[in-house]
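Here is a brisk report on the structure shown below.

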Amino acid sequence: MIVGSQKPIEEIWSMVKDFKKVLVFGCNTCVAICHAGGEKEAATIASLIRMRAGQEGKAMEVNHMGVMRHCEPEYFDPVIEEVKSYDLVLSTACGVGVNFLSDRTGTIPVYPGINTSFYGAVEAPGFFKELCAGCGDCIVHLTGGLCPIARCSKTLMNGPCGGTNHGKCEVSNEVDCVWYLIVERMKKLGTLEKLSEVLPPRNWSTSRDGGPRRVSVEHIREYEEQEAQKPETAGGKK
Amino acid sequence: MTPGQTKETGTYRPYGADIKETRPYSPCRAACPAHTDVQAYVGLIAQGRYTEAFEVITSVNPIASVCSMICHHPCEQSCRRCSVDEPLAVRHLKRFALEKSADYRRNKRRLVGKTKNKSIGIIGSGPSGLSAARDLSDLGYGVTIYERHPVLGGMLASAIPPYRLPREVLKEDIDDVISKGVEVRTNCEIGRDVKLEELTKKHDAVLIAIGLSQSRSLNIPGVEGPGVLLAIPFLEDVAFDRRPDLGNKVLVIGGGNVAMDVARSARRLGVRDVSMVCLESAEEMPAWKWEVDEAVEEGVRINHRWGPKEVRRQEGKVQGLEVVKVRSVFDANGRFNPSFDNDQTTLIEADTIIITIGQMSNLSFLKDSPVKIDVRGRLEWNPATQTSSSKNVFVAGEVVTGPGSAIAAVASGHRAALAIHLHLQGEAVEGALPLQEKEKISQMPPEVLEMISREPRLKIKHLAPEVRCDTMTHFEIGYDEEEALREAGRCRGCGGGAVVDTQKCMACLTCQRICPYGAPVVTSVSEIRPEYCQACGLCAPECPGQAISMVSYDVKEISETLPSVVGRVDPKRQEPVIVAFLCTHHVGVFGFDLPKNVRKVPVHCTSRIDILDLLKAFETGADGVAVVRCNDGTCKYRGIEKGVKARVKRGQEMLGMLGMEPGRLELLSAEAGRGGNPWAAVCDDFSGRVKQLGLRAVR
């Protein structure tokens with residue numbers, strides 16, 4: 001899932017301070033699970049903004065709301081008019097949600113209420129770890145199921161660097177050297193000899209190097225296009 | 001309808017009433033024939049909300065005060081605390097709530113407008129008759145009650161001895177009903193003073209709710225003549241203070257609850273030597289164990305497993321009862337079918353013998369009426385419609401159900417009233433009456449039982465046996481406020497716990513991880529299992545999607561009421577404004593005086609306090625916020641403490657982010673029973689620390 005983390009209140013305040021009517025708009029999927037931007041945290045941030053406004057003696061109406069996801073219109077369409085009645089929407093969705101909503105609120109600005117951190121897993125309750133970089137061309141079948149692109153500080157594709165230190169990365173003792181983990185893992189799987197294969201240079205065009213990416217699932221598109229011909233389309237999951 | 005409001009018909013709906021209808025009932029509620037929402041009113045008592053508790057109780061029970069004295073409380077027998085230690089003292093709590101609401105109750109008595117232009121005649125003013133009278137009055141019908149005795153109440157007034165049910169208590173219940181505009185005709189026996197036919201002509205419907213007013217007698221030699229009494233006439237003498245001459249020795253035949261009333265009343269009429277004889281062993285006898293224990297305390301002796309054979313008389317005067325040994329009471333199929341050992345007989349001496357072996361209805365007034373009686377002399381009726389064989393004549397209570405409890409008769413009265421209402425409105429009755437059996441929450445799983453602290457039931461005090469036997473005065477001494485709050489706090493809140501809004505749940509596992517009792521199970525959404533949930537409230541404030549609410553209270557209530565609790569903050573104040581969230585489980589909301597600058601927010605457990613509540617307190621102008629809990633050893637909900645600490649810590653961090661001193665928010669602990677007022681002391685100390693930090697600017 002996408003992991004986010006909350007912004008300092010001062011940064012938020014600098015974004016919202018000149019607006020009269022602010023909606024803190026929570027997203028109840030990925031960022032809720034990581035306790036960064038679900039409805040609950042939206043309520044908390046709204047409260048903090050009100051208190052901050054109180055400290056400055058500013059009259060400001062700050063409310064909160066939440067929908068299941070900001071990245072699919074079916075979820076926020078039912079409340080979009082209400083959302084647009086505010087001067088500013090502080091979205092606590094990930095950057096995807098903020099962008100997606102921004103395109104759909106006309107003259108109402110949508111600002112980010114949280115930082116979008118990474119794609120990660122819940123290693124322990126309240127502790128999240130980056131495990132994928134979304135490079136668009138997954139090769140972890142070659143590396144024991146562990147990703148050197150996301151988990152090596154240098155994104156090395158050809159084994160550990162000289163900074164590897166008893167299984168830890170030179171960047172920090174809290175960061176595992178993924179190449180150490182890969183070797184250990186592949187030993188256990190009995191596939192270590194695969195590492196001796198010489199691979200062609202990696203094509204990074206599927207990653208950010210190729211510009212903004214899109215994915216089109218043709219059979220779904222086909223269906224949707226047919227649906228669009230009908231006078232009334234299904235509203236999707238509400 | 002908005003929760004916590006009273007409908008036009010007078011039916012009060014506590015918070016969560018609607019959702020409770022969609023879920024299994026708490027066992028206490030399911031066991032109550034009238035389905036009194038015990039969990040709701042005990043919870044309200046625990047919060048010091050006595051008049052709301054009164055509303056919950058009386059919404060389904062028009063003889064609530066009576067039940068607070070005499071109910072056999074099946075709620076207690078089914079209480080899930082039975083598996084931990086002892087059941088909650090529900091009846092005593094009910095009495096407390098009703099006594100606390102006495103003025104409120106008198107002030108809210110109102111005439112109900114007769115909007116329906118139809119009238120109902122009710123024969124009998126016992127529990128079922130009164131219940132039907134109240135429901136039908138609330139629905140706007142004209143109601144007339146016909147009662148053969150000079151006072152209303154049926155057996156409650158004419159047979160239950162005053163030491164169990166003080167008459168002023170009964171009067172409160174009756175006044176509630178009568179004040180709605182019910183017409184009353186006392187000293188009016190149907191068949192003697194008025195013919196049934198007149199009633200059926202005069203009213204659109206008639207309800208027969210005459211109960212079982214005649215005692216059964218025994219067919220043994222010597223039974224006829226002076227010195228042998230029947231239970232009901234005897235109890236009527238007691239009830240109306242006509243003190244019968246009983247001699248020095250009284251023997252009561254029978255082992256049921258009425259027999260206990262008879263024996264204990266005889267003791268109170270000055271008879272020192274009262275004994276009982278019954279077919280059953282101590283374990284088999286039908287009387288409630290507590291009744292037996294109390295009777296024995298009062299010196300009543302019980303002869304078990306003897307059957308009456310002959311009343312011995314000398315020159316007509318009763319000498320005693322010859323009894324024969326019982327071999328067995330029940331046959332192989334468990335049916336009542338006593339067998340005797342005729343070789344073993346004995347004589348139990350007595351001056352007076354009182355026969356208390358059961359009751360029946362007096363149906364003589366139905367002779368030559370269209371209301372049919374079956375071959376066994378019982379009223380013919382249809383339980384699905386509460387109707388007799390005659391059109392527009394309905395039936396309720398023990399006359400058709402057979403002997404039972406007052407509260408069961410109440411339930412029957414409600415059903416009959418609904419049946420009459422539907423019938424008079426031209427709607428189908430069959431299939432429309434609610435089912436008596438309700439699905440209930442199952443027993444607590446062993447892993448949950450282990451986590452519940454033993455807290456013995458707070459025993460109610462009785463007048464000493466030697467004192468209480470000299471008088472017909474009520475012998476139980478009710479709880480005072482501190483006792484009631486302590487006892488109410490023992491309730492585990494069955495059925496009042498957490499529910500998930502599946503539209504909002506994103507299956508994040510937070511509730512499953514934080515619950516100390518293992519109640520939530522998250523699959524595609526979270527499901528919080530009611531048999532595990534203890535209604536501590538820890539999960540709701542943690543849910544990142546605000547998808548969890550609580551059945552028994554509004555999770556937003558604290559936050560919403562804080563502005564009025566804090567009030568206007570004076571810019572020129574000398575002392576800091578402190579908001580203190582206080583755990584009320586052990587201390588109750590009563591009594592403890594806090595310093596004037598402390599605004600008290602009682603919470604049943606600090607686990608229910610949301611980070612948003614803490615922030616809201618500061619938003620509304622508090623200079624400092626204290627969360628005062630009991631301690632880990634006495635906490636009602638073991639395992640919540642880490643969650644509460646983490647919440648307070650986070651609140652402190654947020655204050656830091658806003659440039660405020662984290663010390664303005666503290667988690668404190670206070671404990672009862674250490675002398676003085678520990679809550680005032682911890683709040684006062686905290687207030688001093690906040691004062692040092694300075695008062696916040698008011699803008």
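The buried residues of helix 13 of chain B are Ala231(B), Ile232(B), Phe234(B), Leu235(B), Glu236(B), Val238(B) and Ala239(B). Buried means under 20% relative accessible area, exposed means over 50%, and partly exposed is in between (1.4 Å probe, protein chains only). Helices (H or I, at least four residues) and strands (E, at least two) are DSSP runs, numbered from the N terminus. Helix 13 of chain B spans residues 231-239, and seven of its nine residues are buried, so it is largely enclosed by the rest of the structure. Just after this helix, Asp241(B) takes a positive phi of about 60 degrees.

This is a predicted model, where local features need pLDDT of at least 70, side-chain atom pairs count only at pLDDT 80 or more, and totals for chains, interfaces and linings use all residues. Residues are numbered from 1 along each chain as its sequence is written, chains are lettered from A and ligands numbered from 1 in the order in which they are written, and side-chain values use heavy atoms, with hydrogens and water left out.

Cys683(B) sits in helix 25 (residues 678-693) of chain B. Its relative accessibility is 0%, so Cys683(B) counts as buried. Contact means heavy atoms within 4.5 Å. Neighbours within four places in sequence aside, Cys683(B) is in contact with Ala580(B), Leu582(B), Leu594(B), Pro595(B), Val598(B) and Val628(B). Gly254(B) is 429 residues away along the chain, and its C-alpha atom is 60 Å from that of Cys683(B).

His421(B) belongs to helix 17 (residues 406-424) of chain B. At 16% relative accessibility, His421(B) counts as buried. Not counting residues up to four places away in sequence, His421(B) touches Lys116(B), Leu136(B), Leu139(B) and Tyr141(B).

Is Asn219(B) buried or exposed? Asn219(B) is exposed, with a relative accessible area of 80%. Asn219(B) is found in the loop between strand 5 (214-215) and strand 6 (228-230) of chain B.

**The chains as a whole**

Chain B has 25 helices and 27 strands. Its radius of gyration is 29 Å, close to the 27 Å that the globule rule gives for 699 residues, so chain B is as compact as a globular protein of that length. The radius is taken over C-alpha atoms, and the rule is 2.2 Å times the number of residues to the power 0.38. Among contacts in chain B between residues at least 6 apart in sequence, 70% join residues at least 24 apart.

Chain A has nine helices and seven strands. Its radius of gyration is 22 Å, well over the 18 Å that the globule rule gives for 238 residues, so chain A is more spread out than a compact globule. Chain A is divided into domain 1 (2-118) and domain 2 (138-198), with bounds from an automatic or database domain assignment. The centres of these two domains, taken over C-alpha atoms, are 38 Å apart.

| Chain | Box of C-alpha atoms, along the principal axes | Residues that count as buried |
|---|---|---|
| Chain A | roughly 65 × 55 × 30 Å | 39% of 238 residues |
| Chain B | roughly 100 × 55 × 50 Å | 56% of 699 residues |
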